[in-house]
Amino acid sequence: MSNIAMSTAGVTVNYAVEAVAGTRPTTGYIQIPNIKSVPEMNPSPETLETTDLSQTEFKTYVEGLKDLGGALAFLANFTTDLETAWNALVEAYKTAKESGKSVWFEIKHPGLEKSVFFTGQPSAMGLPAMAVNAVLETNLYITPTNAPTWQAKSTAAAE
């Protein structure tokens with residue numbers, strides 16, 4: 001174990017289609033190029049009030065569900081490589097869905113023992129905002145279809 005702060009250098013966002021419906025792939029992940037930032041997936045749980053009439057000073061609560069807030073936005077440099085890779089991902093999702101399979105996403109940090117995995121639905125890429133003298137960037141949207149979990153890293157990620 002180390003108490004040294006880590007850099008985000010080397011983090012990748014990868015995806016793989018299930019070979020067997022309902023089973024997370026452990027290999028064969030494909031890297032999505034040009035990702036600049038990953039959204040936080042650590043929402044606070046809702047709090048559900050449980051106060052009854054016997055309470056005289058403070059309300060009481062229990063932990064409720066967590067809400068990722070719908071589609072997650074991954075910021076990326078807009079390049080032709082990104083456009084090609086993202087379109088391939090969207091098509092892979094459509095094909096997988098027709099077969100009753102899911103697409104798994106992996107957030108992989110080189111300094112951590114585990115990765116975060118979740119299934120999701122990628123949205124087709126639209127036209128990003130543009131401005132004078134600026135880098136062309138876009139948000140890539142993935143709607144999670146299950147809860148993100150920490151699991152053993154994939155054994156290989158294609159580029």
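**Entry 1: salt bridges**

I started with Glu 91 and Lys 94, whose side chains meet in a salt bridge at 3.5 Å, N to O. This is a predicted model, so I keep in mind that every number here is computed from it. Both residues sit in helix H1 (residues 80–98), 3 residues apart, which is about one turn of the helix.

Then I asked how many salt bridges a search of the whole structure finds. It finds 3. One of them joins Glu 137 and Lys 36, at 2.5 Å from N to O. That pair links distant parts of the chain: Glu 137 is in strand E9 (residues 137–144) and Lys 36 in strand E3 (residues 35–37), 101 residues apart. Glu 137 is partly exposed at 27% relative accessible area, and Lys 36 counts as partly exposed at 43%.

I also noted Glu 49 with Lys 59, where the closest N and O atoms are 3.8 Å apart. Glu 49 lies in strand E4 (residues 45–49) and Lys 59 in the loop between E4 and strand E5 (61–66), so this bridge ties together parts 10 residues apart in sequence. Glu 49 comes out partly exposed, at 46%.

**Entry 2: around strand E7**

Next I clicked on Lys 108, which is in strand E7. Lys 108 is buried but has no salt bridge. Which side chain of opposite charge is nearest to Lys 108? It is Glu 106, 4.3 Å away, and the cut-off for a salt bridge is 4 Å. What I did find is the backbone oxygen of Ser 154, 3.2 Å from a polar atom of the Lys 108 side chain.

Ile 107 is in strand E7 as well. I have it down as buried, because its relative accessible area is 14% and buried means under 20%.

**Entry 3: the largest pocket**

Last, I checked the largest pocket, which holds about 480 Å³ of space. It is lined by 20 residues, and those closest to its centre are Met 41, Asn 42, Val 116, Pro 148 and Trp 150. Strands E7 (103–108), E8 (114–122) and E10 (149–152) each give two or more residues to the lining. By class, I wrote down 12 nonpolar, 4 polar and 4 charged residues.

Definitions and conventions
Residues are numbered from 1 along each chain as its sequence is written. This is a predicted model: local features need pLDDT of at least 70, side-chain atom pairs count only at pLDDT 80 or more; totals for chains, interfaces and linings use all residues. Side-chain values use heavy atoms; hydrogens and water are left out. On a 1 Å grid over the protein atoms alone, a cavity is a set of points where a 1.4 Å probe fits but cannot get out, and a pocket is an open set with protein on both sides within 12 Å along at least five of seven lines; lining residues have an atom within 4 Å of a point. Grid points are joined across faces, edges and corners, and a volume is the space filled by probe spheres set on the points. Helices (H or I, at least four residues) and strands (E, at least two) are DSSP runs, numbered from the N terminus. Ala, Val, Leu, Ile, Met, Phe, Trp, Tyr, Cys and Pro count as nonpolar, Asp, Glu, Lys and Arg as charged, and the others, Gly among them, as polar. Buried means under 20% relative accessible area, exposed over 50%, partly exposed in between (1.4 Å probe, protein chains only). Lys and Arg count as positive and Asp and Glu as negative; His and the chain ends are not counted. A polar contact is a pair of N or O atoms within 3.5 Å; within protein, one must be able to donate a hydrogen and the other to accept it, and residues adjacent in sequence count only if both atoms are side-chain atoms.
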